[in-house]
Amino acid sequence: MAGRKTEEEVHSVSRSSDPPGPGEDSSSQSSDAPYPQDLRSVLVTSVLNLEELDVDLYRGTHHWVPHTQRLFGGQIMGQALVAAAKSVSDNLYAHSLHCYFVRAGDPKVPVLYQVDRTRDGRSFTVRSVKAIQHGQPILICQASFQVLQTSPLQHQFTMPVVPQPEDLLTAEELIQRYLRYKPDLTENAREGLNKLLANEVPIEIKPVRPAHFHRLAPAEPKRLFWARARGYIGEGTMKLHCCVAAYVSDFALLGTVLLPYSEYKAYFTASLDHAMWFHSTFRSDEWMLYECESPWAGSSRGLAQGRLWRRDGVLAATCSQEGVLRVKPVTHTSKL
Ligand SMILES: CC(C)(COP(=O)(O)OP(=O)(O)OC[C@H]1O[C@@H](n2cnc3c(N)ncnc32)[C@H](O)[C@@H]1OP(=O)(O)O)[C@@H](O)C(=O)NCCC(=O)NCCSC(=O)CCC(=O)O
C-alpha cells in the first residue's frame, strides 16, 4: 500500500521523478505534447458545430453535462456566440459579449439559437441571441463585433509569474495521485473523485496551487490555472477561438467565490450572468493562464472576475460573472 503523504507532497512531486503508479504507462506521452491533427477538439467538431435550420436560426447539441444535470453555461454561451458570429462578415472580430442565464438548460433536448441582427455600424456590429428550449429562453446574449482598428492607446496589466504548464500536473493526474496516496478517503469521497475522472470535460486544466484549487484548505478567493481546449483546433479563425474561450471561461470561475469557506458546502450554484471582453488574438488549444478572483460575496450571490493570459504574457480576454451560491455547513462523517 502506498504510504500516506502530506497535502503538499501529494501535489508537489515533480512529474519526471515520479515512478508510474498502478495501471499507469511509464512510456505514455506527456500531456503537454501538442495534439496531433487527427485528435480534433470535440469543441469544434461537435459542440460548437451548430446546425443551420433557417436564416439566423440554429440548433446546438450537448457533449459534456455537469453532475448538476443542468447544461454547462459555457456551452450555451459558446454556442450563442457561434450563432451570432455566423451573421457578421469575415472582417469583424468579436470584442465582447454579455449574457444572462435565465433558466436552467435541459440536457434532454437540443437548444435553439435565434439571432437578431440588432445593428450594423461602420466600426461596431451588435447581435442579440436568444437560446431557447421548450419554447422559453434559457439565455439571452448580446455580442458585439468590431473591424480591426489601431490606436496609440494601448496598455494592459502584467501577467502573474507562475510555474509553466510543463512543470504542473493536470487535474486528472492530481486526482489519481490523491486516490493513490490517501488510502483513508471515505468511500463517498473516493466515488466522487472517480466520477470526476470519468467526466468527459473537453477542457484540460493544470492548477497552479492544487490544494487551493480543490478547496482542501481555506484560501483567499483567488486561483490560477492553465487551461486549453482538449484536442487540436489549429489556426482556425479568431471568431472560432473566441467561441471556444467563451466555453472555457465559465469553467471553475464561480467556484473561486467558495475558496475562503472550507467549512461550507455548496448545495446549489449557478451562474446568473457572464460578460467577456476579447483583447488580442490567441489560440484556445494552446495553454492560457486563467487568473480568477472574487472581490465580493453576499446575499447568496458571489462575483467572480477572470483574466485569460496568453503564455507570452499578452492579456487575451477578461471575464466577469455573478452567480447564486447556496451553502450549508460541512458535517464531518465517520470514515467507517
Ligand atoms: C438562478 C435561477 C435558479 C433563478 O432562481 P429563482 O430562485 O428565481 O428560480 P426558481 O425557479 O424560483 O428556483 C430555483 C430553485 O431554487 C430554489 N430557491 C429559490 N429561492 C430560494 C431560497 N431563497 N432559498 C433556498 N432555495 C431557493 C427553488 O425552490 C428551486 O429549487 P428546485 O429546483 O429544487 O425546485 C434561474 O435563473 C436559473 O436556473 N438560471 C440558469 C442558471 C444556469 O443554469 N447557469 C448556467 C449553468 S451554471 C454554470 O455553468 C457554472 C459553472 C460552474 O459551476 O463552474
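In the predicted model, a backbone N or O atom of Ser-271 lies 3.1 Å from a nitrogen atom of the ligand. A polar side-chain atom of Arg-70 is placed 2.7 Å from an oxygen atom of the ligand, and a polar backbone atom of Ala-104 is 3.4 Å from an oxygen atom of the ligand. Taken alone, the ligand exposes 1,100 Å², and the protein buries 49% of that area.

The shell around the ligand was then examined by element and by residue class. Strand 9 (264–278) and strand 12 (315–329) are the elements that give two or more residues to this shell. Strand 9 contributes the most, with 4 residues. There are 16 residues around the ligand, and those that come nearest are Arg-70, Gly-73, Val-102, Asp-250 and Ser-271. By class, the shell consists of 10 nonpolar, 2 polar and 4 charged residues.

An unreviewed UniProt entry assigns "domain: Acyl-CoA thioesterase-like N-terminal HotDog" to residues 63–146. In the model, residues 63–146 are 15% helix and 49% strand, with the end C-alpha atoms 30 Å apart. The annotation "domain: Acyl-CoA thioesterase-like C-terminal", also from an unreviewed UniProt entry, covers residues 209–324.

The structure holds 5 aromatic pairs. In one of them, the ring centres of Phe-72 and Tyr-247 are 5.0 Å apart and the planes meet at 70°, so the pair is edge-to-face. Phe-72 is located in the loop between strand 2 (57–60) and helix 3 (73–85), and Tyr-247 belongs to helix 7 (residues 238–249); the pair therefore ties together parts that are 175 residues apart in sequence. Phe-72 has a relative accessibility of 7% and counts as buried. Tyr-247 is also buried, at a relative accessible area of 0%.

Phe-72 takes part in a second pair, with Phe-251. The centres of the rings of Phe-72 and Phe-251 lie 6.4 Å apart and their planes are at 75°, so this pair is edge-to-face as well. Phe-251 is found in the loop between helix 7 and strand 9, whereas Phe-72 is in the loop between strand 2 and helix 3, so the contact joins parts that are 179 residues apart in sequence. The relative accessible area of Phe-251 is 19%; because the cut-off for burial is under 20%, Phe-251 is classed as buried. Ring pairs link Phe-72, Tyr-247 and Phe-251, together with Trp-64, into a cluster.

The buried residues of helix 4 include the charged residues Glu-173, Arg-177 and Arg-180.

Methods
Residues are numbered from 1 along each chain as its sequence is written. This is a predicted model: local features need pLDDT of at least 70, side-chain atom pairs count only at pLDDT 80 or more; totals for chains, interfaces and linings use all residues. Side-chain values use heavy atoms; hydrogens and water are left out. UniProt positions are given in the numbering used here, feature names are shortened, and annotations may be inferred rather than shown by experiment. A residue is near a molecule or strand if one of its heavy atoms lies within 4 Å of it. A polar contact is a pair of N or O atoms within 3.5 Å; within protein, one must be able to donate a hydrogen and the other to accept it, and residues adjacent in sequence count only if both atoms are side-chain atoms. Accessible areas come from the Shrake-Rupley method with a 1.4 Å probe; for residues, only the protein chains shown count as cover. Rings of Phe, Tyr and Trp (its six-membered ring) pair if their centres lie within 6.5 Å; planes under 30 degrees apart count as stacked, over 60 as edge-to-face and the rest as tilted. Buried means under 20% relative accessible area, exposed over 50%, partly exposed in between (1.4 Å probe, protein chains only).
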